[in-house]
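Please look through the structure below before reading the notes that follow.

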Amino acid sequence: MTRRVPEIVVDLLLIAVAVVWGASFLAAKELTGEVGVAPAVALRFIIAAAALGIVCLIRRERMPRGRGLAIAALLGCSQAAVIGLETAGVHLTTATNAGLLISLALVFTPVLESIAARSWLPRSYFVAAVAAVVGVALLVSDGGLRTPTVGDALVIAAAVVRAVHVTASARLTRGRHDSTLAVVLVQLVVCAVTSSAVAGADLPAAAARLTASGWANLLFLGLLCSVFAFVVQLWAVRRTSATRASILMGTEPVWALAVGVAIGGEAVGLPGLAGAALIIGASYAGQAIERRHRRGPAPASAPSALPAIAETAPR
C-alpha cells in the first residue's frame with residue numbers, strides 16, 4: 001500500500017518549483033553575461049536533456065513513435081523558441097522585468113484556447129487582461145512613460161510564443177497516451193540540437209571559459225529549473241488538484257521579483273511595484289475567471305487540457 005504524502009509536503013515542493021523558476025531569470029542573466037545568449041541556451045538544454053535521458057533510461061520509459069514523435073519534435077521547436085526569446089530578453093533587460101513579463105502568458109493562453117475551442121471568454125476576463133497591460137506599462141516606465149526596451153519586447157514575445165506552445169500542446173496531445181517524461185525528453189533533445197546549431201562554433205569555446213559561478217548557474221538552470229522542477233510537478237500534480245498546483249506554481253513572478261531585488265540588487269520604483277502588483281493580480285484573476293468559465297457551460301466530455309499541459313511544459 002502506497003504511503004499517503006502529507007499535503008503540506010506536496011505544497012512545499014510545488015512552491016519550490018515556483019522559487020527555482022523565479023530565480024532562473026537572474027541565473028540566466030548572469031550566465032548570458034558570461035558566455036552569450038546562444039551558448040547559454042544550448043548548454044542549458046544539453047545538460048537538461050542528458051539528465052532527463054538518464055531518468056528515462058532508469059525508468060525504462062518508452063519513447064514516442066510515429067505521429068507522437070512528430071508532435072513532440074514540433075513542440076520541442078516551439079519550446080526552443082520560447083526559451084531562446086526569454087533568454088535573449090533577460091540578457092537585455094532586468095531579471096525582475098523578465099520574470100514578471102513572462103507571466104503574461106497566463107493572460108494570453110486562455111484567449112488562444114478560447115479561440116481554438118470557439119468558446120469566447122466573458123468580458124471580465126478582458127478587464128483583467130487590460131489591467132495586466134497597464135501593469136506592463138507601469139513596470140517598464142521607470143518613472144516616466146516610455147516604450148519597452150528591446151529586452152522587454154523579447155520577453156513579451158516569449159510570453160506570446162509560450163501561450164501558443166501551451167495551446168498547441170493541449171490540442172495536439174489530447175487523447176494520446178505517450179509517456180510524458182519521454183515526450184519532454186524528445187522536446188529537450190530538439191531544443192539542444194537546434195540551440196547548438198545556432199550557437200555553432202562558439203559553443204565549445206563558451207563551455208571552456210565557464211567560471212565556477214557560470215557552471216553553478218548552468219547546472220541550476222539545466223538540472224533544477226528543468227529536470228527537478230518537471231519531475232516534482234509530475235509527482236505532485238498526481239497528489240493534489242490541478243487548481244491548487246496552478247496557484248502555487250503561479251507564484252513564480254513573485255519569486256522572480258524577490259530574487260531580482262534581494263539577490264540581484266535590481267531596483268524597482270513605486271510605479272514598477274504598482275505594475276508588478278497589477279500583472280500578478282491580473283494574471284491570478286484571469287486564471288480564476290477562465291477556470292469558472294471553463295467549468296460552467298462547457299460540456300463535461302470536452303474539458304480544457306490547459307492546466308495539465310501548463311504543468312508539464314519544461315523550462
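## Briefing on the chain

Glu86 and Arg162 are both buried. They belong to a predicted model, in which the chain has 14 helices and zero strands. Of the 315 residues of this chain, 49% count as buried.

**Salt bridges**

- A search of the whole structure finds two salt bridges, and the points below take them in turn.
- Side chains of opposite charge can pair when their charged atoms come close.

- Arg60 has its place in the loop between helix 2, which runs over 37-59, and helix 3, which runs over 67-92.
- The phi angle of Arg60 is near 55°, which is a positive value in a residue other than glycine.
- Is Arg60 buried or exposed? With a relative accessible area of 77%, Arg60 is exposed.

- Ile8, Val9 and Leu12 together make a nonpolar surface patch of about 270 Å².
- Leu12 lies in helix 1, which spans residues 7-35, and Val9 is found in helix 1 as well.
- Leu12 is exposed because its relative accessible area is 52%, whereas Val9, with a relative accessible area of 33%, is partly exposed.

**Residues apart in sequence, with their distances in space**

- Val9 and Ala236 are 227 residues apart along the chain, and their C-alpha atoms are separated by 9.2 Å.
- Leu248 and Val17 are 231 residues apart in sequence, and the distance in space from C-alpha to C-alpha is 8.9 Å.
- Leu248 is found in helix 11, made of residues 242-249. Leu248 counts as buried because its relative accessibility is 15%, and the cut-off for buried is under 20%.

**The cavity**

- Rolling a probe the size of a water molecule over the atoms shows where empty space is left.
- How many cavities of 30 Å³ or more does the count give? The count comes to one cavity of 30 Å³ or more, and about 40 Å³ of space lies in the largest cavity.
- The largest cavity is lined by Ala28, Leu31, Thr32, Ala40, Val41, Arg44, Thr87 and Leu221.
- Sorted by class, this lining has five nonpolar, two polar and one charged residues.

Terms used:
Residues are numbered from 1 along each chain as its sequence is written. This is a predicted model: local features need pLDDT of at least 70, side-chain atom pairs count only at pLDDT 80 or more; totals for chains, interfaces and linings use all residues. Side-chain values use heavy atoms; hydrogens and water are left out. Helices (H or I, at least four residues) and strands (E, at least two) are DSSP runs, numbered from the N terminus. Buried means under 20% relative accessible area, exposed over 50%, partly exposed in between (1.4 Å probe, protein chains only). Patches are made of residues with over 30% relative accessible area and no salt bridge: like charges are joined within 9 Å, nonpolar side chains (Val, Leu, Ile, Met, Phe, Trp, Tyr) within 5 Å. Accessible areas come from the Shrake-Rupley method with a 1.4 Å probe; for residues, only the protein chains shown count as cover. A salt bridge is a side-chain nitrogen of Lys or Arg within 4 Å of a carboxyl oxygen of Asp or Glu. On a 1 Å grid over the protein atoms alone, a cavity is a set of points where a 1.4 Å probe fits but cannot get out, and a pocket is an open set with protein on both sides within 12 Å along at least five of seven lines; lining residues have an atom within 4 Å of a point. Grid points are joined across faces, edges and corners, and a volume is the space filled by probe spheres set on the points. Ala, Val, Leu, Ile, Met, Phe, Trp, Tyr, Cys and Pro count as nonpolar, Asp, Glu, Lys and Arg as charged, and the others, Gly among them, as polar.
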